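User: Please take a close look at the salt bridges of this protein and at the parts of the fold that surround them. How are the charged pairs placed, and what lies around them?

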Amino acid sequence: MKISAKSVSALAFSLFLVGGAAALSASNPEEGAVPPQDAFTPIERYGITYDEPRDIAEFYLEQFGLHRNDADVNEVRHPGDRSMRILIVTVDEVEDGSVTGVQWRLGVRFSNGQWQAVEAGMRRKCARGENAGQWTKSVCP
């Protein structure tokens, strides 16, 4: 079997990418995982539609007095419905004595040329209490 220099370069680059991805996933096992809907307290879904899913995330942030720049927004495929996307919206630096972070899980569906939230939930990261520093759907003490 004859292997060209071009093939060796492509193979080496592929192995680099695979090795890098494995190292990244090993360092953060939760990255890429979608928290289940039942890990969030259901919140109101508004009858609004937008051209882009991230605009829905911005709307929810504004309802809590936050801006898009305050949050990390990750969009992934819905694990149970291929016609939907899940937005995980995370704010890690909340200026509150009892809450250090807030996270929303928004299930959005594309219909009639617009995106709309069909699932909405929220959870918090408490500053104190027995679950301090962990995501919970309970109210923080």
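**Salt bridges and their surroundings**

In this predicted model, D92 has a relative accessibility of 47% and therefore counts as partly exposed, since that class covers values between 20% and 50%. D92 forms a salt bridge with K125, and the closest N and O atoms of the pair are 3.9 Å apart. Because D92 is in the loop between β3 and β4 while K125 belongs to strand β5, this pair ties together parts that are 33 residues apart in sequence.

Across the whole structure, a search finds six salt bridges. One of them brings together the side chains of R68 and D55, at 3.2 Å from N to O. D55 sits in helix α2 and R68 in the loop between α2 and β2, so the parts tied together here are 13 residues apart in sequence. R68 counts as partly exposed at 30% relative accessibility, and D55 likewise counts as partly exposed, at 25%.

A further salt bridge is formed by R109 and D81, with 2.5 Å between the closest N and O atoms. R109 is part of strand β4 and D81 of the loop between β2 and β3, so this pair ties together parts that are 28 residues apart in sequence. With relative accessibilities of 30% for R109 and 21% for D81, each of these residues counts as partly exposed.

Beyond its neighbours within four places in sequence, S98 is in contact with K125, C126, A127, R128, C140 and P141.

Strand β6 (residues 135-136) is joined to β5 by two bridges and runs antiparallel to it, with R124 opposite T136 in β6.

Helix α2, which holds D55, spans residues 53-63, and its buried residues are P53, I56, A57, F59, Y60 and L61. These buried residues pack against β2 (72-77), β3 (84-91), β4 (99-111) and β5 (114-126). Just after α2, G65 takes a positive phi of about 75°. In soluble globular proteins, nonpolar side chains tend to be buried together. The largest nonpolar core here has 21 residues, and I56, Y60, L87, V89, W104 and L106 have the most contacts inside it. The elements giving two or more residues to this core are α2, β3, β4 and β5. W104, leaving aside its neighbours within four places in sequence, is in contact with F40, I43, L61, F64, L66, L87, I88, V89, V91, G121 and M122.

Of its 141 residues, 28% count as buried. Among contacts with a separation of 6 or more, 46% are between residues 24 or more positions apart. The accessible surface is about 9400 Å², and 51% of this belongs to carbon and sulfur atoms.

A note on confidence is needed. The mean pLDDT of the protein is 79, with 77% of the residues reaching 70 or more. Over residues 1-31, however, the pLDDT is below 50, and this stretch has one contact in the model beyond near neighbours in sequence. Where pLDDT is low, the predicted coordinates should not be read in detail.

Methods:
Residues are numbered from 1 along each chain as its sequence is written. This is a predicted model: local features need pLDDT of at least 70, side-chain atom pairs count only at pLDDT 80 or more; totals for chains, interfaces and linings use all residues. Side-chain values use heavy atoms; hydrogens and water are left out. pLDDT is the predictor's confidence in each residue, from 0 to 100. Contact means heavy atoms within 4.5 Å. Buried means under 20% relative accessible area, exposed over 50%, partly exposed in between (1.4 Å probe, protein chains only). Helices (H or I, at least four residues) and strands (E, at least two) are DSSP runs, numbered from the N terminus. Two strands pair if DSSP finds at least two bridges between them. A nonpolar core is a set of buried Ala, Val, Leu, Ile, Met, Phe, Trp, Tyr and Cys residues joined through side-chain atoms within 4.5 Å. A salt bridge is a side-chain nitrogen of Lys or Arg within 4 Å of a carboxyl oxygen of Asp or Glu. Accessible areas come from the Shrake-Rupley method with a 1.4 Å probe; for residues, only the protein chains shown count as cover.
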